[in-house]
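Biologist: I have a new model on my screen and would like to learn how to read it. Could you walk me through it, feature by feature?

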Amino acid sequence: MAPAPQLPTLSETITTEIPSSENNNNVTITGKIYTRVRLATKSDLSHIYQLFYQIHAYHNFTHLYKATESSLGNLLFKENPLPLFYGPSVLLLEVSPTPFTEPKNNTDEGFKPVLTTFDLKFPVVEEQVEEFRSKYDDGNHKSDAYIAGYAFFYANYSCFNDKPGFYFESLYFRESYRKLGMGKLLFGTVSSIAANNGFVSVDGIVAVWNKKSYDFYINMGVEIFDEFRYGKLHGENLQKYADNKEKTDEESC
């Protein structure tokens with residue numbers, strides 16, 4: 001990977017004004033939008049499930065979406081989890097028309113939330129206020145924060161290195177929050193976690209058909225290896241190995 005990319009140019013001033021209006025269950029944010037990147041908790045499970053479904057819908061793969069909220073909970077929030085960032089990890093990006101503040105509770109999740117402010121060139125409309133209102137409780141009783149997007153990643157290993165890297169599984173934003181520079185913030189945050197914690201790389205699949213996505217990762221410093229092709233053994237082809245296990249064992253005797 002190339003050196004850690006710079007984050008987008010952000011506003012240096014924070015105003016306490018509330019430049020938003022709520023009408024017909026919509027919230028319109030103008031002027032400035034405040035963001036918080038934080039580690040997902042179990043209270044976010046329903047939102048993560050919806051976001052994972054939406055990215056499948058974006059790629060026309062909803063017929064492949066087999067997860068349930070329960071199965072996702074078992075995957076992401078185990079009772080005895082792996083060390084932080086080694087198991088499946090989700091960072092959520094929240095937005096608000098008012099500033100985020102430091103948490104008042106003493107919960108130590110191992111990752112300090114990243115607070116940022118963006119200057120808006122055009123109004124942003126939150127059209128799913130109740131569906132994506134944040135359920136995160138940091139002790140501040142903030143009710144005007146909404147889940148805008150996520151990054152999903154976990155540790156991976158290679159014989160080329162003696163330390164793990166990150167496998168960057170997916171990055172997704174709801175439609176209202178695209179083209180605002182928030183993708184740079186979220187991917188940059190994951191890259192910063194990797195660089196600051198001894199991980200050697202951030203790997204992932206880049207869709208060559210999606211030029212905007214492809215250019216985004218190139219601009220963030222990602223190096224593309226054209227000599228490799230993505231391969232996957234799954235479904236019936238994978239199950240053949242399980243179904244034939246007894247026969248294979250007999251033939252080897």
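This is a predicted model: local features need pLDDT of at least 70, side-chain atom pairs count only at pLDDT 80 or more; totals for chains, interfaces and linings use all residues.

Biologist: Which way do E3 and E5 run, and how many bridges join them?

Modeller: The general idea is that strands of a sheet pair through backbone hydrogen bonds, either parallel or antiparallel. Here, E3 and E5 run antiparallel and are joined by six bridges.

Biologist: What is the strand order of the open sheet?

Modeller: Reading across, the order is E5-E3-E4-E7-E8-E9, six strands with mixed pairing. At the edges sit strand E5 (114-119) and strand E9 (202-203), each of which pairs on one side only.

Biologist: And how does E2 pair with E6?

Modeller: Strand E2 (residues 26-29) and strand E6 (residues 124-126) are antiparallel, with three bridges between them. In that pairing, Ile29 faces Val124 of E6.

Biologist: Where do buried nonpolar residues gather?

Modeller: In soluble globular proteins, nonpolar side chains tend to be buried together. In this model the largest nonpolar core has 39 residues, and Leu91, Leu93, Phe166, Phe168, Tyr177 and Met182 have the most contacts inside it. Several elements each supply at least two residues of this core, including E2, strand E4 (89-96), strand E8 (165-173) and helix H4 (211-219). The element that gives the most is H3, with seven residues.

Biologist: Could we zoom in on one of those core residues?

Modeller: Take Phe166. Setting aside neighbours within four places in sequence, its contacts include Phe85, Phe153, Val190, Ile193 and Phe199. There is also a second, separate core of 16 residues, and Phe52, Leu76, Ile147 and Phe152 are among them.

Biologist: How far apart are Ile48 and Tyr150, in sequence and in space?

Modeller: They are 102 residues apart in sequence, yet 8.0 Å apart in space, C-alpha to C-alpha. For the chain overall, take contacts between residues at least 6 apart in sequence: 76% of these join residues at least 24 apart.

Biologist: Ser46 and Tyr58 are in helix H1 too. Is each one buried or partly exposed?

Modeller: Ser46 counts as buried because its relative accessibility is 15%. Apart from neighbours within four places in sequence, Ser46 is in contact with Glu69 and Lys135. Tyr58, at 43% relative accessibility, counts as partly exposed. On the surface, Tyr58 forms a nonpolar patch with Val208 and Trp209, and together they have about 400 Å² of accessible area.

Biologist: Finally, what do the totals for the chain look like?

Modeller: The chain has six helices and nine strands. Of its 253 residues, 39% count as buried. The accessible surface comes to about 15800 Å², with 51% belonging to carbon and sulfur atoms.

Definitions and conventions:
Residues are numbered from 1 along each chain as its sequence is written. Side-chain values use heavy atoms; hydrogens and water are left out. Patches are made of residues with over 30% relative accessible area and no salt bridge: like charges are joined within 9 Å, nonpolar side chains (Val, Leu, Ile, Met, Phe, Trp, Tyr) within 5 Å. Accessible areas come from the Shrake-Rupley method with a 1.4 Å probe; for residues, only the protein chains shown count as cover. A salt bridge is a side-chain nitrogen of Lys or Arg within 4 Å of a carboxyl oxygen of Asp or Glu. Helices (H or I, at least four residues) and strands (E, at least two) are DSSP runs, numbered from the N terminus. Buried means under 20% relative accessible area, exposed over 50%, partly exposed in between (1.4 Å probe, protein chains only). Two strands pair if DSSP finds at least two bridges between them. A nonpolar core is a set of buried Ala, Val, Leu, Ile, Met, Phe, Trp, Tyr and Cys residues joined through side-chain atoms within 4.5 Å. Contact means heavy atoms within 4.5 Å.
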